[in-house]
Amino acid sequence: MKTSTILSPSKANSLYWLGRYTERVYLELHLLRLCFDKMIDGDPQEYGKYLSAIGGVSRYPDQASVINGLVHDLSNPASVISSVERCNDNAVLLRDEIKSPTLGYIQMPLELLRQNAKNGIEPNVDELQTLTDWMLAFWGSIEERVYDDRVRTILKIGKLIEHIDMNVRFDYKFYRIEEAFKALGHCKAEEPRAFNDEVTDELREMLTEEKYTDGGTEYKNKLLYLVGNAVVL
Amino acid sequence: MLDTSVTFNTSPNMQTLIESRDSVNRWLERYGVRFGVYKNGIFNEQFFPFDSIPRVIPRKDWDILEKGLVQRVKALNAFLWDIYHDKSIIKDGIVPEEFVYSSKGYMPECEGIDPVGKVYSHISGIDLVEGKDGNWFILEDNLRIPSGASYPMIAREITRKVSPTTFIDNSIADNRDYPEILKDMMDTMNAGRGINVILTPGRYNSAFFEHSYLAEKTGAVLAFPGDMTVEDDIVWYTGLYKEKVRVGAIYRRVSDEYLDPLAFEASSLLGVPNLFQAYKKGNVAVINGFGNGVADDKGIYYFVPKMVKYYLGEEPILHNAPTYLPYYKEDYDYILANIGKLVIKDVSEAGGYGVVFGRDLTPEKLEELKSLIVEQPRRWIAQEVIDFKDLEIIEGEEKVWRKADLRAFVVSGGSGDNGGVRVWKSGLTRFSRNPASFVVNSSQGGGFKDTWIMNV
């Protein structure tokens, strides 16, 4: 049991980004499964839409290399392996906060992806589902093993910010963003100084169903900018 | 001494453990048990290969080792106190002063400082080998930042899971109390009722896994460079919103020279400015203390048995490997005459580097080495090659024999009997994976085993 609950700025920053990257991995896996499914009998260029939404650049010559690249290409910042590496970069600094068994749910995906990438194994649904299961287990382990409210809250702030960001990028329905923003409000009540009040106020004003539905690219970009700047950790 | 290894290694419950090697390694992978290595300027993380056949030390042998280790570490702590205060061991002609003052580890800044509890080496890593005749020899003392305890700790936790029957059928001392021993020592040494922290240089340190794991297990705060400040000679840990809590004990994993840029290496970004001042005032325990390098210098090693007699008035229980100092004329002549059968060590090197076996050198290289010894006799020591006992390891599908050593961990400054000195009933057994090599260091490709101290 930890003898002090004091948390340094650098650890708070790592917790925030760990929350963001674990959520990103989870959603990337979900979205990739959808994308790969559409590519079976739909538009083979579906992955281009995925990359454009996530901010990546198309660089693969054929369908097989697309699938492999979006999962195993470490040089592609939009790949799953890159996101898991970033999870690990933050998680290893937090072993004393999140505990070794929780860290295991980052280490296992990392090793699986590294080995599969090294051995040229094509991504398949079993691999993707296993990765998803581990991401869910990570959050379960946080619930089970982390008692420090501040640690849990900061992780959750990161998770919700990423959730909103990805949902906006992929044009998900408004209610999903609204729910996540409400949950973020609960986190703000617990950790008010983690937020930029001005930005969160502006976000609140912008987040109406009407504005979201009618908003064009400019609205969406502004929203993403505000989401990225709502937290000051 | 009783060789129990064969009996244990062929019994059915041992077989279960041996066959679980891959499973153990998968668990180690799962927990991120790695160490970092820089090669050609590039940082790589590697797994530390685990071999599931343990080193087994019978209780009666351990009892002797334990007494000998306590004795040796008490003498070394007494030496450190003496060197930075009265210097009676020099005045009495036991240790020549040039060995102390020319040692890279001697820090004049530490003169007259009284560390908390008068303890310098809180965590001592003593490297031993077992000779084929069953006698143990001390190879070196590590009193600055000895690492490695976390590996057998976590390996035991895992092997108990994957092969429980092995532990039901054998009465083995539980080694999972190391965090409690450490915490007790940190609490006892803690100045001003502050928090305990483990100060790591960061993720790219070779032993970062250990730093983070020990923080998790002891409940200490894992601190990174920049997390602490010193104000009015008190050390503070700074929180997210600039709130501060006092720090009472720092288990530092940063070398002396980088620990305080205002007192030592000015370019260091790893330290805490003015920490040395707080330490001098007795406002914080620094674990291990500053200036310990003078006592684990390879040249000073020669004198440790003499320290035991001098400070404790006792005969040394544990022996050094037969060692020669070119500083002494008799030894100098012996070394030059027998260099081909000796192992020569550069006292300024560590981690298995700077170790040369005379038998491996060509006549020309031997002559070159002799010239170096003649030019700088203080820089070298020579030792007889100990024909130390090989241990069985699994290589592929077969059992093979490899050289192995044992790092025992002695914790000083805790509560309880024996002056607060405790020997952890375990240790890090490292082995060479190269059949021709005596070098067991992890940085040079070695692996590790669990070390079982039997209860009976």
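How much area do chain B and chain A bury between them, and what percentage of it is on carbon and sulfur atoms? In this predicted model, the two chains bury about 2700 Å², 54% of it on carbon and sulfur atoms; buried area is the accessible area (1.4 Å probe) that two parts lose on being put together, summed over both. Local features need pLDDT of at least 70, side-chain atom pairs count only at pLDDT 80 or more, and totals for chains, interfaces and linings use all residues. Residues are numbered from 1 along each chain as its sequence is written, chains are lettered from A in the order in which they are written, and side-chain values use heavy atoms, without hydrogens and water.

**Interface of chain B and chain A**

- On chain B, 29 residues are in contact with 34 residues of chain A, contact meaning heavy atoms within 4.5 Å.
- Arg30(B), Leu240(B) and Tyr241(B) supply 27% of the area that chain B buries against chain A, more than any other three residues.
- The rule finds three salt bridges across the interface, each a side-chain nitrogen of Lys or Arg within 4 Å of a carboxyl oxygen of Asp or Glu.
- Glu111(A) forms a salt bridge with Arg34(B), with the closest N and O atoms 2.7 Å apart.
- Elements giving two or more residues to the side of chain B that touches chain A include helix H3 (21-30) and strand E10 (244-252) of chain B; helices (H or I, at least four residues) and strands (E, at least two) are DSSP runs, numbered from the N terminus.
- H10(B) gives the largest share of that side, six residues.

**Sheet in chain B**

- Four strands of chain B form an open sheet in the order E13-E16-E14-E15, with antiparallel pairing; two strands pair if DSSP finds at least two bridges between them.
- Strand E13 (323-324) and strand E15 (355-357) of chain B are the edge strands, each pairing on one side only.
- Strands E14 (residues 342-346) and E16 (residues 380-384) of chain B pair over five bridges.
- Leu342(B) has Glu384(B) as its bridge partner in E16(B).
- Helix H15 (residues 363-375) of chain B packs on the sheet and touches E14, E15 and E16 of chain B; its direction makes about 125 degrees with that of E16(B). Such angles run from 0 to 180 degrees between N-to-C directions, with axes fitted to C-alpha atoms, for helices over the stretch in contact.

**Surroundings of Tyr332(B)**

- Tyr332(B) lies in helix H14 (residues 329-338) of chain B.
- Leaving aside neighbours within four places in sequence, Tyr332(B) is in contact with Leu325(B), Pro326(B) and Val374(B).
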